[in-house]
Amino acid sequence: LGAGLGAASPCLAWADRRAGLPGQGTEYHLELTYQAQVTPWMVVQPDFQYVLNPSGGMGDPSCPMRRIGNEAVFGL
């Protein structure tokens with residue numbers, strides 16, 4: 001289990017707002033992974049990641065005034 005955050009500097013958020021874009025904030029992420037020994041020669045490792053406020057709430061490139069939604073990633 002892992003978690004973390006990435007925060008934009010106040011200066012960057014201010015510059016975004018001054019440019020008429022939503023100011024970037026903080027991105028949070030959570031990861032859950034596990035290794036299972038299926039056979040003596042094979043290990044399977046499922047992985048789940050969830051990102052809240054990706055890129056600190058940056059605008060969607062196709063519509064800059066709309067924020068990018070939260071993301072879920074599954075892997076094996």
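This is a predicted model: local features need pLDDT of at least 70, side-chain atom pairs count only at pLDDT 80 or more; totals for chains, interfaces and linings use all residues.

Student: Which residues is Gln24 in contact with, leaving aside its neighbours within four places in sequence?

Tutor: Contact here means heavy atoms within 4.5 Å. With the neighbours within four places set aside, the partners of Gln24 are Ala8, Leu12, Ala13, Asp16, Ser55, Gly56 and Met58.

Student: Now the whole chain. What pattern does the protein follow along the sequence?

Tutor: The parts are one helix and eight strands. Reading along the sequence, you get β-α-β-β-β-β-β-β-β.

Student: Why is the protein said to be more spread out than a compact globule?

Tutor: For 76 residues, the globule rule gives 11 Å. The radius of gyration is well over that, so the protein is more spread out than a compact globule, and the value is 17 Å.

Student: What box do the C-alpha atoms fill, and how much of the protein is buried?

Tutor: Taken along the principal axes, the box for the C-alpha atoms is roughly 60 × 25 × 15 Å. As for burial, out of the 76 residues the buried share is 16%.

Student: What part of the accessible surface belongs to carbon and sulfur atoms?

Tutor: The accessible surface comes to about 5,500 Å². Of that, the part belonging to carbon and sulfur atoms is 63%.

Student: Which residues form the nonpolar patch on the surface?

Tutor: One member is Leu1, in the segment before strand S1 (2-7). With a relative accessible area of 81%, Leu1 is exposed. The patch has about 340 Å² of accessible area together, and its residues are Leu1, Leu30 and Leu32.

Student: How many aromatic pairs are there, and what is the angle between the planes?

Tutor: The structure holds one aromatic pair. Phe48 and Phe74 form this pair, with 5.0 Å centre to centre. The pair is tilted, and the angle between the planes is 40°.

Student: How many residues apart are Phe48 and Phe74?

Tutor: Phe48 lies in strand S5 (residues 47-52), while Phe74 lies in strand S8 (residues 71-75). The pair links distant parts of the chain, and the separation is 26 residues.

Student: One more residue, Asn53. What is its phi near?

Tutor: Asn53 is in the loop between S5 and strand S6 (59-60), and is partly exposed at 25% relative accessible area. Asn53 is a residue other than glycine with a positive phi, near 60°.

Student: How far apart in space are Asn53 and Gly25, C-alpha to C-alpha?

Tutor: Leaving aside neighbours within four places in sequence, Asn53 is in contact with Thr26, Glu27 and Asn70. Asn53 and Gly25 are 28 residues apart in sequence, and their C-alpha distance in space is 8.0 Å.

Note on methods: Residues are numbered from 1 along each chain as its sequence is written. Side-chain values use heavy atoms; hydrogens and water are left out. Rings of Phe, Tyr and Trp (its six-membered ring) pair if their centres lie within 6.5 Å; planes under 30 degrees apart count as stacked, over 60 as edge-to-face and the rest as tilted. Helices (H or I, at least four residues) and strands (E, at least two) are DSSP runs, numbered from the N terminus. Patches are made of residues with over 30% relative accessible area and no salt bridge: like charges are joined within 9 Å, nonpolar side chains (Val, Leu, Ile, Met, Phe, Trp, Tyr) within 5 Å. Accessible areas come from the Shrake-Rupley method with a 1.4 Å probe; for residues, only the protein chains shown count as cover. A salt bridge is a side-chain nitrogen of Lys or Arg within 4 Å of a carboxyl oxygen of Asp or Glu. Buried means under 20% relative accessible area, exposed over 50%, partly exposed in between (1.4 Å probe, protein chains only). The radius of gyration is taken over C-alpha atoms; the globule rule is 2.2 Å times the number of residues to the power 0.38.
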